[in-house]
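Hi,

Here is the structure I promised to pass on to you. Have a look at it first, and then read my notes below.

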Protein chains: 2
Amino acid sequence: MNIHELIHELRVPSKTKIVLLVADGLGGLPIVKGGLTELETANTPNFDACVAEGVSGLSTPVLPGITPGSGPGHLALFGYDPLQYRIGRGILEALGINFAVGAKDVSIRGNFCTLGKDGTIVDRRAGRPTTNRCVEVVEKLKTIAFPGVEIFVEPVKEHRFVLVFRGDGLGGNVNDTDPQNIGVPPLVAHGADAPSQRTAAVANEFLAKAFEVLKNEPDCNAATLRGFATYPNITTFRDLYGMKAAAIAVYPMYKGLARLVGMDILDAGVTPESQVERLQAAWNDYDFFFLHYKYTDSTGEDGNFPLKVQMIESLDKIVPQIRELKPDVFIVTGDHSTPSKFHTHSFHPVPTVIVADTVRPDGLNKFGERDCLKGGLGHFQAQHLMLLAMAHAGRFGKYGA
Amino acid sequence: MNIHELIHELRVPSKTKIVLLVADGLGGLPIVKGGLTELETANTPNFDACVAEGVSGLSTPVLPGITPGSGPGHLALFGYDPLQYRIGRGILEALGINFAVGAKDVSIRGNFCTLGKDGTIVDRRAGRPTTNRCVEVVEKLKTIAFPGVEIFVEPVKEHRFVLVFRGDGLGGNVNDTDPQNIGVPPLVAHGADAPSQRTAAVANEFLAKAFEVLKNEPDCNAATLRGFATYPNITTFRDLYGMKAAAIAVYPMYKGLARLVGMDILDAGVTPESQVERLQAAWNDYDFFFLHYKYTDSTGEDGNFPLKVQMIESLDKIVPQIRELKPDVFIVTGDHSTPSKFHTHSFHPVPTVIVADTVRPDGLNKFGERDCLKGGLGHFQAQHLMLLAMAHAGRFGKYGA
C-alpha cells in the first residue's frame, strides 16, 4: 500500500482546521564561520512562542543533499512524493504567469532567437529583448491558428514566452527544438509516441508559421521550443485528504502549484497583513489554508542577509493574528533553504514547527536551525509533514486493529 | 533487493541471545502543559541503567502521524513492513481468542443481530447480549456443517463471535454482510475472484442455516459477517533471521501475532514475575525471546495516568532478573504510544533502548521521551529495529566486499 492509499483509508471527517505557513527559502547559513543564520539572527518572539508550545524539527524537502526548485519543494509539503510527481518545465512556466493550465493542454516554454540568412542560430536569446518588446512580438504570434487545436501564446519576460496547445490526444514526449548551440539550425520536433507525434506535428507547423510571421523582425525572427509538458495526473488535495483547501499566495507560480493540486486560489494584496485579512475573511469556508510568503526566498536569492532577517521579522509579526483564529494545527516551515550566502536555493534542511494541543513537548523555546536540531520531530521528510498535520488535526483513524 | 532478502544474505550462525521486551503503548504525553509524561514521571532505576549502558532513541511504528493498531505495531517490531503485511480483522479476532489460525483458513468476525419480521435489521448488536448468552447461542451455530469445508464457531464477547472456514482454495476477498445500518436486510456475500466466490457461497449457505437454527431466539435471531481474511503469506521468523524464537505473552492477541510469524508460544502466569520465570526456564532452548507486557497500554487506554506510571515501575522491577541471564542484546520498546491523556493509541514515537556490549554510548542516563530525543538511535523506523538487534547480536556479516 502506498502512502496516498493509506491516507485515503485512514482519513475521517472532522471540522478541524489546519494552517500551513510556508516561508519560501526559510532556512539559511551563517555568512561568517561561527556566526548565526538569518533565522537565528532575527528577533521572532511569535515564532519562538510557537516553538515553546509546539514541536519542532528539520524538514528534508526531497533527499539529503538534493536542492529542490519551487515545484518539488511545494509538492512535498503538500504530501506528494517529489520524485514521483514531476511538474514539467513548460507547466511551471505557464503557472508562473498565472495561465490556467488544464487537462487537455501541452505547455511549452518558448524562446525568441535570431536566425542568420543561412537559417542557423546567431543568438539563442534574440539579444535579450526588453519585456515590452517580448509582448509586442508575442502579439504577432497570437495571429497563428489552425483547426483542431487551440493555441495560446503569452509573454513571460525578455526572450521568454509560454506556448500552450489545447486539444484532444496531445502528448508531451517531444524533444526541445533548441539545439543549445549557435551556428546550427533549430531542431525539428519529434514525438516519442503517437499522441506526442501529433503534438510535434502541431509544433513544427506552428514554428513554420511563426518564422513566416516574424521573418522581418530584426532580432526576434524565430523561436525555439523547450520543456513540452502535459498536465500532471495528480490526485487533488480534496480527494486525497478530504479537506477543502485554499491558497493565499502573492506570486503566480505558487498560486499555480496550489491550483495544480486542486486548491482554491484566494486573491489578496501583496503584504502579509492583507494575506491575513483574506485568511480571516475565508476562515469559515475551508478546512486547510496554505499561506505562501515569498520574501524570505527573494532576499536570500539577492544575497541580502540583513534584508532576509528583516523579512523573517515581518512575517513573525502576523503570527498572532493567524493564531487568534485558533487553527487546530498551525505549521511554519519552508519549501527549501535559500541561504543569502549562496544567492540561491540550497539542500540544507528546513526549520519547521507544528503547534497543536496534541504535540509532545520537546523543551525548546527558540525558532532556529540549531534549535530545531534538538526538536521532537527530528529530521523528517517534507512529504510526511501532511501526515503529521492530519494526525494532529484528529483527521486519521487507527491503522489496523 | 528488499530488506528481507538482505537479512537472508547477511545473517550468520551464532549462539547469541536477544530479548525483546515490549511494553505495549509505552510512550505517552504530559497531562498538563509543561508537565512530564508517564515514563518521565515513573521511577525506573533499572531502565535508566539500561539507558546509561545502552543506546536510546525513538521508534516510529509505521510512518510519522500514523497511529497503529497492535497488529501493525508488532509486525514492525518483528521486522515486517506494516504497510506490506496486513493482518485482516477476521484473523486478529481469531488470534484474540487464541484460535490457532492456519494456512487453509478464512477467518471472519461474526456479529449477532436482531431481525424484524420483515427480515430487516432491528438491532445490529442484538441488544448487546451477555458473553454467557453469546456462548449459549454459539453452541447452536456449532451444529452447522456441510461437506468439503470444516467450520469453527467460537464466542468472543457480547454479540461478537469468530467464524473460521477451513478448506482448500478459499479466498478472502468477500464483502461484509453487515450493511452498517438498521431497517435494511443483511447483505449477501459476494466474492471478488473465483476462490473468494467459493468462500462467499459457503458464507451465504452458513448464514441461511444459521438463520434457521436461530429463528426462535428472541434477540440473537440472525448474524452478520465482517472482515473475511485469509492467513497472511508471511516468512517465518526462523526462515528470516535463522533464530529459534519464543513468545511469552499473557494476552491471546499477542500470542497470536507471535504465532503468525512462527514463534513458539510459552505459557506463563499473568504477572511479569511469572513471565521472567518462564524465560529463565526456557533460556537454553531459544535464540530470541519476545516478552509482551500489556498493562502499560491498558492503563493508558483507561486514561489512568498514575496507574500507567505504576505499571511502568512494576515492569522496571523485573529488568535485573532478565539481565542476570546475560542476553547479548536486550531491547526495551513499545509497539506504539498510548497516552493516558488520549485514552487510546497515538502516533507519537516510542522510547526505545538497546543494551549490548557493541553499542556506541550516547551519554544519556534516564529513560524518557525527551531523553530519547537526544539518543544515539535518533528517530528510526520500528521495522529497522530487528536489523539493529541482529547487528548487536553479531548475527550479520558484511554487505558487499
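Let's start with two helices in chain B: H10(B) and H12(B) cross in a right-handed way (right-handed means that the near helix is turned clockwise from the far one by less than a right angle, left-handed that it is turned anticlockwise). Helices here are DSSP runs of H or I with at least four residues, strands are runs of E with at least two, and both are numbered from the N terminus.

Before going on, a word on the model: it is predicted, so local features need pLDDT of at least 70 and side-chain atom pairs count only at pLDDT 80 or more, while totals for chains, interfaces and linings use all residues. Residues are numbered from 1 along each chain as its sequence is written, and chains are lettered from A and ligands numbered from 1 in the order in which they are written.

**Helix pairs in chain B**

Back to that crossing. H10 (residues 272–282) and H12 (residues 305–324) of chain B have axes 9 Å apart and pack at an angle of about 20° (axes are lines fitted to C-alpha atoms, for helices over the stretch in contact, and angles run from 0 to 180 degrees between N-to-C directions). That is why H10(B) and H12(B) are roughly parallel (under 35 degrees is roughly parallel, over 145 roughly antiparallel, 65 to 115 roughly perpendicular, and the rest oblique). On the H10(B) side, the contact is made by B:Pro272, B:Glu273, B:Val276 and B:Leu279; contact means C-beta atoms, placed from the backbone, within 7 Å.

How do H6 (residues 131–141) and H7 (residues 194–214) of chain B cross? Their axes come within 9 Å and cross at roughly 120°, which makes H6(B) oblique to H7(B). This crossing of H6(B) and H7(B) is right-handed too. Here B:Val137, B:Lys140 and B:Leu141 of H6(B) meet B:Ala210, B:Val213 and B:Leu214 of H7(B).

**Covered helices**

Is H4 (residues 70–77) of chain A mostly covered or mostly open? Mostly covered: eight of its eight residues are buried (buried means 20 or more other C-beta atoms within 10 Å of the residue's own, exposed means 12 or fewer, partly exposed is in between, and C-beta atoms are placed from the backbone). What covers H4(A) includes S1 (18–23), H5 (89–96) and H14 of chain A. After H4(A) comes A:Gly79, with a positive phi near 95°.

In chain B, seven of the nine residues of H9 (residues 252–260) are buried, so this helix is largely enclosed by the rest of the structure. B:Tyr254 and B:Lys255 are among those buried residues. H9(B) is followed by B:Gly262, whose phi is positive, near 90°.

**The sheet in chain A**

Eight strands of chain A make an open, mixed sheet in the order S9-S8-S10-S1-S11-S12-S2-S13. S9 (264–265) and S13 of chain A are at the edges with a single partner strand each, so one side of each has no neighbour in the sheet. S2 (residues 55–60) of chain A pairs with S13(A) in the parallel sense over four bridges; to count as paired, two strands need at least two DSSP bridges. One to look for is A:Ser59, whose bridge partner in S13(A) is A:Phe380.

**Where the chains touch**

The contact between the chains takes 21 residues from chain A and 25 residues from chain B. H14(A) gives the largest share of chain A's side, four residues.

Enjoy exploring!

Key: Contact = placed C-beta atoms within 7 Å.
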